[in-house]
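Have the structure open beside you as you read.

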Amino acid sequence: MLTTSLTRRSLTRHALGWLVPPRCALCDRRGQDSPLSGWGLDLCADCEAACPPAPDSLAPPPGCDAVWAAHIYASPVDTLVRELKFDGVLAPARVLGMLMAAHRAPAGELPDCIVPVPLGRQRFAERGFNQAQEIARHAARHLRLPVQARLLHRTRDTEAQSGLGAAERQGNLAGAFAIGRGRPPPRVALVDDVLTTGSTVAAAARVLKEAGAQWVEAWVAARTLPRTNLDDGEPQ
Ligand SMILES: [Zn+2]
């Protein structure tokens, strides 16, 4: 039955792909077939090739057991993130989520669930959505993993991280996260849009570990290179 249902779903995706072909979120040319499933990738081959890959040898943020960053936060990836985050265009979340899933999938055993880094109440109300959750939703769909969006809760809105030093960032995030509904499974993927110093995911990972998670890996759409003055996945 499961096979039949998956086949039906896959056929539906191909049919949708034929009716609504994928369109590049950056240049509006025809997109590509997805490397993972029947869903199309809303990014053309040229624009995908222009997205700079992140180096493999990234040290995990404190409290995290591994980190996966598909790309460096530079052109044209920064355009996708900024459109999502500041212009309220949701299409880039689908691209970023799919690229995130394609980057993580070949590395083997997946975690039990995906937890997006939550936004504070005020920022969520201003933006109308959580960009990390939107990216997580698409990555989860491709990897067939559950998203536990209410597991982690932001207790307060924090000051924007950009412009703060490392110590100030940690202080800014002290007590900013708490467990909301449910308990974390043993292995969790914590999803955020951009990673700079890692202080945001470190603070969230610490709370998940205290609540019983044994393994927390950070998945980010992009990470900044050292000494760039960019934001930290910290909603602004
Ligand atoms: Zn393109």
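How do the residues of the lining of the second largest pocket divide into nonpolar, polar and charged? In this predicted model, that lining has seven nonpolar residues, three polar ones and one charged one. To find the pocket on your screen, look for L173, A174, G175, A203 and R206, which lie nearest its centre among 11 lining residues. Helices α7 (166–173) and α8 (199–210) each supply at least two residues of this lining, and the largest share, five residues, comes from α8.

Now turn to the largest pocket. P118, L119, A149, L152 and H153 are the lining residues nearest its centre. The elements giving two or more residues to this lining are α5 and β5 (152–154), with β5 giving the most, three residues.

| Pocket | Space | Lining residues | Make-up of the lining |
|---|---|---|---|
| Largest | about 350 Å³ | 16 residues | six nonpolar, five polar, five charged |

Is R127 buried or exposed, and which side chain of opposite charge is nearest? R127 is buried yet has no salt bridge. The side chain of R127 does have a polar partner, though: it makes a polar contact with the side chain of Q131 at 2.5 Å.

Key:
Residues numbered from 1 in each chain as written. Predicted model: local features only at pLDDT ≥ 70, side-chain atom pairs only at ≥ 80, totals over all residues. Heavy atoms only, no water. Buried < 20%, exposed > 50% of the residue type's maximum accessible area, 1.4 Å probe, protein only. Lys, Arg positive; Asp, Glu negative; His and termini not counted. Salt bridge = Lys/Arg side-chain N within 4 Å of Asp/Glu carboxyl O. Polar contact = N/O pair within 3.5 Å; in protein donor to acceptor, adjacent residues only side chain to side chain. 1 Å grid on protein atoms, 1.4 Å probe; cavity = no way out; pocket = protein on both sides within 12 Å on 5 of 7 lines; lining within 4 Å. Points joined across faces, edges and corners; volume = space filled by probe spheres on them. Helix = DSSP H or I, 4+ residues; strand = E, 2+ residues; numbered from the N terminus. Nonpolar A, V, L, I, M, F, W, Y, C, P; charged D, E, K, R; others polar.
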